[in-house]
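I opened the model to look up its fold, its ligand shell and a few of its strands. My entries follow in the order in which I made them.

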Amino acid sequence: LIFVKDIKSSKQNLPPSPPQLPIIGNLHQLRGLFHRCLHHLLKKHGPLILLRLGVLRMVVISSSEAAEEVLKTHDTECCTRPVTMASTVFSRNGNDIGFGEYGEAWRELRKLAVREFFSVTKVRSFRYVREEECDLMVKQLRELALKQSPVDLSKTLFCLTASIVFRSALGQSFLENKHIDKEGIEELMLEAHSNMSFNLTDMFPTAGLGWFMDFVSGQRKRLHDVFTEVDTFLNHIIDDHQSKNFTQDRPDFIDYLLEMIPKQEENESFKLTIDHLKGIIQGIYLAGVDTSSITMIWTMAELVRNPRVMKKVQDEIHSCIGIKHKERITEEDLDKLQYLKLVVQESLRLHPPVPLLLPRETMSQIKIQGYDIPPKTILVVNAWSIGRDPKHWKDPEEFVPERIRSAPVVRLMFLNLSKLILANSKRHKTKTKTMSTVLYIFAFLLLPALFTLIFVKRTKDSTQNLPPSPPQLPIIGNLHQLQGLFHRCLHDLSKKHGPVLLLHLGSLKIVVISSSEAAEEALKTHDLECCTRPKTHATSTFSRNGRDICFAPYGEVWRQLRKLSVLNFFSAKKVRSFRYIREEENDLLVTKLKELAQKKSPVDLSQEIYCVAGSIIFRSAFAQRFYENKHVDKEKIKEFMFELQKLGSISSSDLFPGGLGWFMDFMSGRHRRLHKLFGEVDTFLNHIIDDHLKNPEEKTNQDRPDIVDSLLNTMLKEEQDESFKLTIDHLKGIIQNIYLAGVDTSAITMIWAMAELVRNPRVMKKAQEEIRTCIRVKQNEKIDEEDVDKLQYLKLVIKETLRLHPAAPLLLPRETMSQIKIQGYNIPPKTFLVVNTWSIGRDPKHWEDPEEFIPERFIDSPADYKGQSFEMLPFGSGRRMCPGMASAIATIELGLLNLLYYFDWELPEEGTVVDMEEDGNITVVKKVPLELLPILHH
Ligand code: HEM
């Protein structure tokens, strides 16, 4: 076969290819940013190369001559787009312009979009929007300049383009739009764009292998999650236009198209549908916002790096339009600014926002630079490389706007860029039927061996008296039964198959415990045999190979770290000593909320609660003010914690040994994301440690020595105990645990408590009545933590919240160190143990109406969260139980007390209900942030 293929290839005169590996082809050469990898390959193998990515055949074009042949000479043959898993999802099966099938429907759709939005007349008509939004931005920047305050220009420019696109395309103000998370939108766009590329499903279609790999690595879920988020937003936009419940300057193209849909004649050849409309809006929204802002951000970055160019462009602006005397810069002024235009073009040369344009696919055989390009080949034009080609650009890495005047090549580049959004597209519906012979043979040889293995294992299992298992599939075991939130899937499985379950996830065996009796056996009777943690790919990375408290294996290191941290941070005495911090931080939050209450402005309480929990941990553990710490992005703290939990869980690398799982995680980008995140956390820890190593006089904001100082002192002492030496990695492990386990969990619990209170007005009223009768706070004083002791009902509310919404529903995983028996079943050594406290807290055997939020159920009940009653275990139990419980409870109690004493809380929109959907992995958060209206009571 190889011989025949080689002869065929040489006859066809295909472009040269870098050396390939069997099955994966050139995939192993593509590590890092895609356009940069392709650029490196070009340097070695020439400007036209053929790559194989699994079954995909891709030609990469990195010279202007070849690009001209593709985009101009053979434009008609190359004007379709490849069909990929992602494009099919995002285009709703081709119902958009970017991916729509070439033909009548596509032409009509494009015509409509151009007429109603993209035409020169329309673009001109939005001039006032651009001018107004720029004017607003200038005003904000002026205020900051007066205060000499630094500004996140990337964010400012992103908001500017978003505001312009929103007003001109969607008829709405970006900042006032309720359906968009302004803090998360940049990430959403990044995520949407990175998910739109090729996936393993496209590269390995044989026998569904790629599909399976994308499924297991979570790539399919991520793709669908992002798509759902975008689609929900589009539905809101359409609903708003239909119900007219927003302020709109004038009717826009969505109104026009919505009006058009019902008026269409039955027999028309093209019928506009809601999916088409969504496709158009989505194209404008996803392609329009960040491409423009990226170009502006790069341009500003280059200008600041190149003072000569900055001066020249500013001189031109000042001399041509003298803005000082005018009220506002208008677009007419632009015509005079030739140098500014060169600057933007030079920036586009060096930093094209879509460096590889959008992929195309050949519809018939063509010749490029003398090479044959067969039909159905994916074509990728590397505009980023072309803009750096030393044949056309002298000193290509330099930013020299003057060069653009005499450069003809640049025209081609812009031609391509402007075609990006509305490029032609014809698509082929037929899927490739190429079967990878090697894989086929491989699978065929493997099957009998697998069945034999399963049979032998089943017989062995039954003699061992293992817990029952749900039916399994070969290789993946029970993985296919785990779609959705992990703790909920385990809850459903335990309802069907019993409270002690054995699951096979790839090669990993997990025992799931979902009853209080079984939990008591694991965490009390067999505490010693179950008190180590399993080693997973993510936990090894994050714990620096077991050098922390959370994930260290049971042994001397863990014992010493836990002892040190209890002494310096977790002990009751230490927690008490941080009382003034909790009081001050809550007081600050109340002041902020009072201002918002006066303005009658709804508040993202989830964000505020995260920040107050962060502030308390930062000050008590690191003696630093959260808001003053430059190394933490306060706006993104929720998202950061969420991503961390997601990546911290079990991955394919743990399920499929022998490199297969590792490869799947590599392909899905999980390794990259994990290491990036770990790098971020590590940089933050280095900063904390550096700050503590400064001389006392350099430390500006430290109230008193903290745990970091104490541990550094121990470390630097000469006479450290020989049996255990504290290192910088151990120190980092402890700080990291306090930061990552401390902020998220307390915040989550407070958010769930507030959500339940708003949903249950009876309980809210009772809790507030108790607080307001027991406590009187004088003017200009803050609430005293001692007051909490008087509040019995508030304590019940917290217990009930921890029962229904334990922040870590599956605790942290344990691993058996020797063979034990649970509920009569044998559990072998080295088995992964998971205790489902979420499920146990809902067990109807112990809890009447378990889904109801009834704090009174604890009045005559001995049940508690302290690890002794196994009907609820939010903090775990036994040796590995949470050491932060006292600190967390103090934070939660005082936080809730402040929120409930000073304010009444309402939903911003009357008639709506609190959304209680969950999301997460190790910790489970309220998916939709809790937005409420504070009403000042005191
Ligand atoms: C409502 C708040 C909290 C909840 C629900 C919670 C829950 C848990 C759970 C379930 C475990 C695992 C226990 C086990 O395996 O049996 C744990 C461990 C841990 N928690 Fe918490 N936690 C909270 C707050 C905190 C805080 C505020 C800190 C630190 C400031 C913290 C630090 C830790 C550490 C270091 C461990 C690891 C213990 C070990 O493995 O030895 N937690 N937590």
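I took helices (H or I, at least four residues) and strands (E, at least two) as DSSP runs, numbered from the N terminus. I noted that this is a predicted model, in which local features need pLDDT of at least 70 and side-chain atom pairs count only at pLDDT 80 or more, while totals for chains, interfaces and linings use all residues. Residues are numbered from 1 along each chain as its sequence is written.

Entry 1, the whole chain. I counted 36 helices and 17 strands in the protein chain. I called a residue buried if 20 or more other C-beta atoms lie within 10 Å of its own, exposed if 12 or fewer, and partly exposed in between, with C-beta atoms placed from the backbone. On that rule 40% of the 938 residues are buried. Two residues are in contact if their C-beta atoms, placed from the backbone, lie within 7 Å. Among contacts in the protein chain with a separation of 6 or more, 73% join residues 24 or more positions apart.

Which residues are the closest to the ligand? I found Gly 742, Thr 745, Gly 876, Cys 882 and Gly 884, out of 26 residues that surround the ligand (near means a C-beta atom, placed from the backbone, within 6 Å). Helix H32 (728–759) and helix H36 (885–902) are the elements that give two or more residues to this shell. H32 supplies the largest share, seven residues. By type I sorted the shell into 15 nonpolar, nine polar and two charged residues. For this, Ala, Val, Leu, Ile, Met, Phe, Trp, Tyr, Cys and Pro count as nonpolar, Asp, Glu, Lys and Arg as charged, and the others, Gly among them, as polar.

Strand E1 (residues 48–53) pairs with E2 in the antiparallel sense over six bridges, and Leu 51 has Met 58 as its bridge partner in E2. Two residues separate the strands of this hairpin, where Gly 54 takes a positive phi near 60°. E2 also runs parallel to strand E6 (residues 378–381), joined by four bridges; here Met 58 has Ile 378 as its partner. Why is E2 largely enclosed by the rest of the structure? Because six of the six residues of E2 (residues 56–61) are buried. Leu 56, Met 58 and Val 60 cover one side, and Arg 57, Val 59 and Ile 61 the other.

Entry 4, strand E7. I traced an open sheet of four strands in the order E7-E8-E13-E10, with mixed pairing. Its edge strands, E7 (500–505) and E10 (814–815), each pair on one side only. Six bridges join E7 to strand E8 (residues 508–513) in antiparallel fashion; Leu 501 partners Val 512 in E8. In the turn of the E7 and E8 hairpin, Gly 506 has a positive phi of about 55°. Helix H21 (residues 516–525) lies across E7, E8 and strand E13 (832–835), at about 130° to E13.

Technical notes: Pairing = 2+ DSSP bridges. Axes fitted to C-alpha atoms, helices over the stretch in contact; angles between N-to-C directions.
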